[in-house]
Amino acid sequence: MDEVFDKMKSIASLASSMKTFYMRNSRNPTFSYSQAEFGRILMCIYNIHDTINALAYYLDREEENHQGARYLLICGAFQSLCVQQDAVSFLRMILLENEKKIDWRKDYPTVGKIRDYRNRYFGHPTEGKEQDQFHVGAFMPTSNSLVEVRLHKAEKVQDVYGALGLENVNVHDAIKEQTLVLYDIMLYIWKAVNEKRAKTARA
């Protein structure tokens, strides 16, 4: 996981550099934004920092004996991943004029799948039809590991218990995959900002 922690630090560093740059250039017409837009830029950056801290903490805790704590940690990890996606997507859209909001499922399917997990198992797990009911197996006594999580889907509800389909998700792999993708996107944004700055300086 050393590579993941290194990339997390790099993402945080890029976010901090962007914040410093836009704070210092707030009076420059080329880089000026409305108060609402500037507020969103800052909130995106703050949320990137917050979620990196949360996910780094999750990666450091491979075991948890308390079922309630397991549930909170698993929910928090998936929610943090989705908050990260939103923050980076909006940041790219605001700072790079010709960029649209990222379609994670289309542009980055492996990362988009993380969002699907979050929506199904942690967003509204009991609102769908019978075959679309979901549950997180945080109570499972077979393992206290937070690395691979067992997720349940109601395949066909025939009795009070129902039939459960099982799906194992490696949360560490999900965090790694997203971190690598987000690093590339953040680096792309920062390079584009610097290219714009260079063109402005030459004009």
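Student: Is the crossing of α2 and α3 left-handed or right-handed?

Tutor: The crossing of α2 and α3 is left-handed. The term applies if the near helix is turned anticlockwise from the far one by less than a right angle, and right-handed is the term if the turn is clockwise. By class, the residues in the contact of α2 with α3 are 20 nonpolar, 4 polar and 2 charged. Nonpolar covers Ala, Val, Leu, Ile, Met, Phe, Trp, Tyr, Cys and Pro; charged covers Asp, Glu, Lys and Arg; the others, Gly among them, are polar. This is a predicted model, in which local features need pLDDT of at least 70 and side-chain atom pairs need 80 or more, while totals for chains, interfaces and linings use all residues. Residues are numbered from 1 along each chain as its sequence is written, and side-chain values use heavy atoms, without hydrogens or water.

Student: What makes α2 and α3 roughly antiparallel?

Tutor: Their angle is about 150°, and their axes are 8 Å apart. Angles over 145 degrees count as roughly antiparallel, under 35 as roughly parallel, 65 to 115 as roughly perpendicular and the rest as oblique. α2 and α3 are therefore roughly antiparallel to each other. The axes are lines fitted to C-alpha atoms, for helices over the stretch in contact, with angles from 0 to 180 degrees between N-to-C directions.

Student: How many helices and strands does the chain have, and in what order do the elements run?

Tutor: The chain has 6 helices and 3 strands. From the N terminus on, the order is α-α-α-α-α-β-β-β-α. Both kinds are DSSP runs numbered from the N terminus: helices are H or I with at least four residues, strands E with at least two.

Student: Why is α1 called roughly antiparallel to α2?

Tutor: Helix α1 (residues 2-24) and helix α2 (residues 35-60) pack at about 160°, their axes 10 Å apart. That angle makes α1 roughly antiparallel to α2. The crossing of α1 and α2 is left-handed. Among the residues making the contact are Val 4, Phe 5 and Met 8 of α1, and Phe 38, Leu 42 and Ile 45 of α2. The contact of α1 with α2 divides into 18 nonpolar, 2 polar and 2 charged residues.

Student: How do you know that α3 is oblique to α5?

Tutor: The axes of helix α3 (residues 67-95) and helix α5 (residues 109-123) come within 9 Å and cross at roughly 130°. That angle makes α3 oblique to α5. The crossing of α3 and α5 is left-handed. From α3 the contact includes Cys 75, Phe 78 and Cys 82, and from α5 it includes Val 111, Ile 114 and Phe 122. By class, the contact of α3 with α5 has 9 nonpolar, 2 polar and 3 charged residues.

Student: What makes Cys 75 and Cys 82 count as buried?

Tutor: Buried means under 20% relative accessible area, exposed over 50%, and partly exposed in between (1.4 Å probe, protein chains only). Cys 75, at 17%, therefore counts as buried. Cys 82, at 4%, counts as buried too.

Student: How many disulfides does the structure hold?

Tutor: The structure holds 0 disulfides. A disulfide would be a pair of cysteine sulfur atoms within 2.5 Å.

Student: Why is Ile 48 called buried, and which residues does it contact?

Tutor: Ile 48 is in helix α2. At 1% relative accessibility, Ile 48 counts as buried. Contact means heavy atoms within 4.5 Å. Leaving aside neighbours within four places in sequence, Ile 48 contacts Ile 11, Ala 15, Ala 87, Val 88, Leu 91 and Met 186. The C-alpha atoms of Ile 48 and Asp 86, 38 residues apart along the chain, are separated by 9.4 Å.

Student: What makes Thr 51 count as buried?

Tutor: Thr 51 is also placed in helix α2. Its relative accessibility is 5%, so Thr 51 counts as buried. Leaving aside neighbours within four places in sequence, Thr 51 is in contact with Ser 80, Val 83 and Gln 84.

Student: Why is Glu 177 called partly exposed?

Tutor: Glu 177 lies in helix α6 (residues 171-202). Its relative accessible area is 33%, so Glu 177 is partly exposed. Beyond neighbours within four places in sequence, Glu 177 is in contact with Thr 110 and Val 111.

Student: What share of the chain counts as buried?

Tutor: Of its 203 residues, 39% count as buried. Among the contacts in the chain with a separation of 6 or more, 66% are between residues 24 or more positions apart.
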